[in-house]
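Please read them beside the sequence and the coordinates.

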Amino acid sequence: MITFKKKDILILLFIILFSTLFIALFHLLTPLGNIAIIEKNGEQIKRIDLSAVDSPYIVEIDAKYSAKILVEKGKISFYEAQCPDKLCKKYGKISRKGQNAICLPSGIIIRIENSNDKIDSITG
Amino acid sequence: MKSLKKFVQGRSVVLLITSVCCFSFLTLYICIGNNNNLITTNNNNPPFTFSSTAMGTYINQTACGKDAQTACKCALDSIKSLEEKLSWRIGSSDVARLNSSKSGDYIQLSKETFDVLSIALDVAENTNGSFEPTILPLSNLWDFGGINQRLPNINEIKSVLPYVNYKNIAVDKNLNRVKLLKDNIKLDLGGAGKGSACEYAVNEYKLHDLEYGIISAGGSIGLYGHKKNSDPFKIAIRDPFSTDDTSEFAIFNVASGFISTSGAYERNFTQDNKFYHHILCPKTGYPVENDLMSVTIYHNSNGTLTDVLSTACFVLGKEEALSLLDKYNASAVFVDKNRHVFTTGIFKNNLKITNKKFFIDN
């Protein structure tokens, strides 16, 4: 029978606390992304500058299972999905560089990038 | 648990904790080092952005400088006053007065209208009428983007074609006046208006001594000044196959000047499985049918010209457009239906494709 002494528990708690704190810090310090890229079947169909979003809006993507994507200042998420598994909604609101939210059944991927190639204007 | 107890009491625990701490701080340090948000200093002057509508399109301005706000407002005012002179829809405009004039009567134009018309006529002459300032009777028939948008029948088109001819405009250069040589000649300078608007805005940025200013008027762009560290402006070209107007296929760097794009995606409709877009061929009366999807033009000083040339080059097609571009010292990007991209002048070795489906084919 293993018995823990007060000191054992203390050191375990310390390790757990520290690692949790560390993971949280690591997450917080991952740079925020400014560009959301929406891809359908591997093809980029939309590029949104998240830093320039004033008020939230919804983008509807027409796919095998169409999806509604909620765009907010600095973050983006699957809002409504027609897909059977609804796993895409579980990704929640993504905002940090390298994060992504994927809806496999419909072939829609949202990626966050941090682009210094910030475009000044678009012609067309 | 004896060993653990011993371990806890021993020196090794101190070592363990210290090493964990060291490792964490090291990683933390690297994290912060990588985080641009924390180490870069903010620019001293945040740019001012200003969105509005004029000339039936969105006008977006981004300006940096002490008088940025005033400059943008002045720019919008001068664009609106230009519209009041150029728009055939506004009864009191120069163009509307000319359109309702009797043939043979001289009509006095403002200098602004006269300048735009001169450029339009010059390009019309150099393209043998592939660009037509007198397109209004024809474009009204189709009314792309309007409430009467429809496919006209061939007789209707044939009946208006005789009135689509720039040679029916006679110009008196010394007195800024113009007369029509035939009744029912009607001008539409819409193909030059947005490019011209960019020029007027850039002029205001210059007057207000801004650091830099960017105007975008319905796809035409005017650039003035220098960004921080003299970085060039990064301009994207819209993906002509996408219905989303923020989706691009390529970007390029440019220091200053004017850019306009004409594309088949702008105003169009499909009837009986046939696609009709708003760029009309003045000779046939029907939308231009060639392999082009869009043409983007750059010129270092003349915005009106970029707007006019983008339409003219679209109508002419790539091969014929090249000599025209040379003549006006303008550069172009042609995108065809197979997503092949052809570049000239400043776009060569500068245009960066961002959508893998497109490729440069010079």
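1. Once its neighbours within four places in sequence are set aside, Phe269(B) is in contact with Gln149(B) and Tyr276(B). This is a predicted model, and the contacts here, like every value below, are computed from it. Phe269(B) belongs to strand β11 of chain B, which covers residues 268-271, and it is classed as partly exposed because 15 C-beta neighbours fall inside 10 Å, whereas a buried residue would need 20 or more. A further distance can be checked from this position: the C-alpha atoms of Phe269(B) and Pro287(B), which stand 18 residues apart along the chain, are separated by 11 Å.

2. Chain B as a whole contains 11 helices and 17 strands. Of its 362 residues, 40% are buried, and among the contacts between residues at least 6 apart in sequence, 60% join residues that are at least 24 apart.

3. The domain assignment divides chain B into domain 1, residues 89-188, and domain 2, residues 232-362, with 24 Å between the C-alpha centres of the two domains. Across the boundary, 21 residues of domain 1 of chain B are in contact with 19 residues of domain 2 of chain B. On the side of domain 1 of chain B that touches domain 2 of chain B, helices α6 (111-126) and α7 (136-142) of chain B each supply at least two residues, and α6(B) gives the most, with five residues. By class, the residues on that side of domain 1 of chain B comprise 13 nonpolar, seven polar and one charged.

4. A helix pair in chain B also deserves a look, namely α4 (residues 68-86) and α9 (residues 190-207), whose axes come within 8 Å and cross at roughly 145°. The crossing of α4(B) with α9(B) is right-handed. From α4(B) the contact draws on Ala71(B), Cys74(B), Ala75(B), Ser78(B), Ile79(B), Leu82(B) and Leu86(B), while α9(B) contributes Gly193(B), Ser196(B), Ala197(B), Tyr200(B), Ala201(B), Glu204(B) and Tyr205(B). Sorted by class, the contact of α4(B) with α9(B) consists of 10 nonpolar, three polar and one charged residues.

5. Which backbone angles would I check by eye? Phi of Asn128(B) is near 55°, a positive value in a residue other than glycine, and phi of Asn184(B) is near 65°, likewise positive in a residue other than glycine. Asn128(B) sits in the loop between α6 and α7 of chain B, and it counts as exposed because 12 other C-beta atoms lie within 10 Å, where the class takes in 12 or fewer. Asn184(B) is found in the loop between β5 (177-180) and α9 of chain B, and with 14 other C-beta atoms within 10 Å it is partly exposed.

6. Is Lys228(B) buried or exposed? It counts as exposed, since 11 C-beta neighbours lie inside 10 Å and the limit for that class is 12 or fewer. Lys228(B) lies in the loop between β7 (220-225) and β8 (233-238) of chain B, and its C-alpha atom is separated by 9.1 Å from that of Tyr212(B), 16 residues apart along the chain.

7. Chain A has one helix and eight strands, and from the N terminus on its elements run α-β-β-β-β-β-β-β-β. The radius of gyration of chain A is 20 Å, well over the 14 Å that the globule rule gives for 124 residues, so chain A is more spread out than a compact globule. Along the principal axes, the C-alpha trace of chain A spans about 70 × 40 × 25 Å.

8. The division of chain A gives domain 1, residues 1-30, and domain 2, residues 35-113, and the C-alpha centres of these two domains of chain A lie 35 Å apart. Buried residues make up 26% of the 124 residues in chain A. Of the contacts in chain A with a separation of 6 or more, 34% are between residues 24 or more positions apart.

Conventions
Residues numbered from 1 in each chain as written. Chains lettered and ligands numbered in written order. Predicted model: local features only at pLDDT ≥ 70, side-chain atom pairs only at ≥ 80, totals over all residues. Domains from an automatic or database assignment. Contact = placed C-beta atoms within 7 Å. Helix = DSSP H or I, 4+ residues; strand = E, 2+ residues; numbered from the N terminus. Nonpolar A, V, L, I, M, F, W, Y, C, P; charged D, E, K, R; others polar. Axes fitted to C-alpha atoms, helices over the stretch in contact; angles between N-to-C directions. Left-handed = near helix turned anticlockwise from the far one by under 90°. Rg over C-alpha atoms; globule rule 2.2 N^0.38 Å.
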